[in-house]
Amino acid sequence: MSSPAVPEYPEKIDGAVLKIAGCVVLGVIMSILDITVVNVALPTFQKTFADGGQLLDYSTVAWTVTAYTLALATVIPLTGWAADRFGTKRLYILALFLFTAGSTLCAAATSIEMLIGFRVLQGLGGGMLMPLGMTILTHAAGPQRMGRLMAILGVPMLLGPILGPILGGWLIEHASWHWIFLINLPLGLIAMVYAFRALPSDEPHPSETFDFLGMLMMSPGLALFLYGISSIPGEGTFASAKVLIPMAVGAALIVAFVFHTFRPEHPLLDLRLFKNRNLTVSITTMFLFVAAFFGGLLLVPTYFQQVRGESVETSGFLVAAQGIGAMLTMPVAGALADKIPIGRFVPVGLLLITGGMFALSRVDESTSYWGYLIPVLFVMGLGMGSTMMPIMTSALKTLRGKEIARGSTLINIVQQIGSSVGVAVMSVILTNHLKDSSAVQAGQKLAQAQASGNPQAAQKDPVVIEALRSVGGSFEKLQQVAVHDAANAFAATFLVAAVLVAFTFVPAFFLPRKPLPQQQGGAEGEEEAAPVMMH
């Protein structure tokens, strides 16, 4: 391409790139919000789709979450090739359409099986939104502004866990469960029109052949592996056929894919990108960080609800302290990532998160909100804002041209696997700690009996009888012991999360501490070779 056609990028974030960023953020926030909003609705689904008055098993309704996650994992590997083949703008609008159509169909579901099926369609669209959004922003920003633009993309990643429980709880309480899906219809239509008008047209590259063999190995392999992992909390152990068989088959397919991917000229997932040392170190750091942090993050609202007895909405407001902290440091970290190597400041963010996790390992059933928990969550938010998006920025900064779409796909797959592993590990650790307490087990049985309208049934259960005997027959004392033991279980699990976050310092030590070529002003046309896709 001749040099006059090469785009020039201003130093500051201008209106043109903010318009593109707004379009991307709107799409991504829909996708991420949907995950946490549905989590809140699971008890409602148990009652709504009850079979003959019998509540559905939690493991059954949890498939509404699992199906979405598996669809995400299946479609993400295809995104890089599809972006080259059809163009990012067309594919982004298609992804928005699939997500919006899936949401509308979910709202019309009349059985749990229909809802699970429509969640798959929703996930096929949602899975493409994040990697495509990263690709579009990377092309629009240019290397010199990527840190600040990626900080903007971090907003929905923060708002999802904070606003999801609040929004979901409010809609279910004041409207109906249908609205957690129907709300995506106007948002999706607005996002599609916005994308059509705001996103620059790009040239598709139909010359690349599609790696069908790679797809037959990678997508089912990833879906099976994540299915096995997502089955761990329900089974309560790794040593279960439902866990081990799909994980083993999935891992075998992924290993076969790794060997295959170096043969075709245009593989489904370009593992040759790992030759880039900066990308490899950044992705390794991100995997460990996401597994530890997101696994621990899941525990916080659960602690507020199960130990402190808070509602879904209230726990969402309490967790907001973390989001506020992240919003303060994220723009600063984004600007720093454009000026200095991330290896100089990301370890500071990791230190704040590690300290916060260790602080959470000291919680009990009466820990002060304003005197302890909220300040700790705020400090962890400061660390989150200065860590996650700079790591992603560093991973993408040295990629060029078509590598950007492939790199975005790679990052999103690693992030998906990391968060799934982290959530599964933390859930199993917490569940096993809770099972060690007879008081907690008895309390759960009494609560289930109360919810089913037959509280007397649980009082004949041997576990309840034994637990009551150990506390002198007092139901009030049993509840106190159960809450105390549950708080200890959360504290022990937070300690494991803190140790795992601490391990992230090992790869973080190898993050770039010297300016990258772009940060030195770009040499020999390196910068010019980058975003030729959109102009």
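What share of the 535 residues of the chain count as buried? In this predicted model, the answer is 54%. The secondary structure of the chain consists of 22 helices and 0 strands, and, among contacts between residues at least 6 apart in sequence, 82% join residues that are at least 24 apart. The accessible surface of the chain amounts to about 22000 Å², with 66% of that area belonging to carbon and sulfur atoms.

Ser103 lies in helix H4, which covers residues 88–107, and because its relative accessibility is 0%, under the 20% cut-off, Ser103 counts as buried. When its neighbours within four places in sequence are left aside, Ser103 is in contact with Gln122, Phe181 and Asn184.

The second largest pocket has a volume of about 350 Å³. Of the 17 residues that line this pocket, those closest to its centre are Met218, Ile254, Ile413, Val414 and Ile417. Two or more lining residues are given by each of helix H9 (212–230), helix H11 (241–260), helix H12 (277–306) and helix H17 (403–435), with H17 providing the largest share, 5 residues. Sorted by class, the lining of the second largest pocket comprises 17 nonpolar residues, with no polar and no charged ones.

Terms used. Residues are numbered from 1 along each chain as its sequence is written. This is a predicted model: local features need pLDDT of at least 70, side-chain atom pairs count only at pLDDT 80 or more; totals for chains, interfaces and linings use all residues. Side-chain values use heavy atoms; hydrogens and water are left out. Helices (H or I, at least four residues) and strands (E, at least two) are DSSP runs, numbered from the N terminus. Buried means under 20% relative accessible area, exposed over 50%, partly exposed in between (1.4 Å probe, protein chains only). Contact means heavy atoms within 4.5 Å. Accessible areas come from the Shrake-Rupley method with a 1.4 Å probe; for residues, only the protein chains shown count as cover. On a 1 Å grid over the protein atoms alone, a cavity is a set of points where a 1.4 Å probe fits but cannot get out, and a pocket is an open set with protein on both sides within 12 Å along at least five of seven lines; lining residues have an atom within 4 Å of a point. Grid points are joined across faces, edges and corners, and a volume is the space filled by probe spheres set on the points. Ala, Val, Leu, Ile, Met, Phe, Trp, Tyr, Cys and Pro count as nonpolar, Asp, Glu, Lys and Arg as charged, and the others, Gly among them, as polar.
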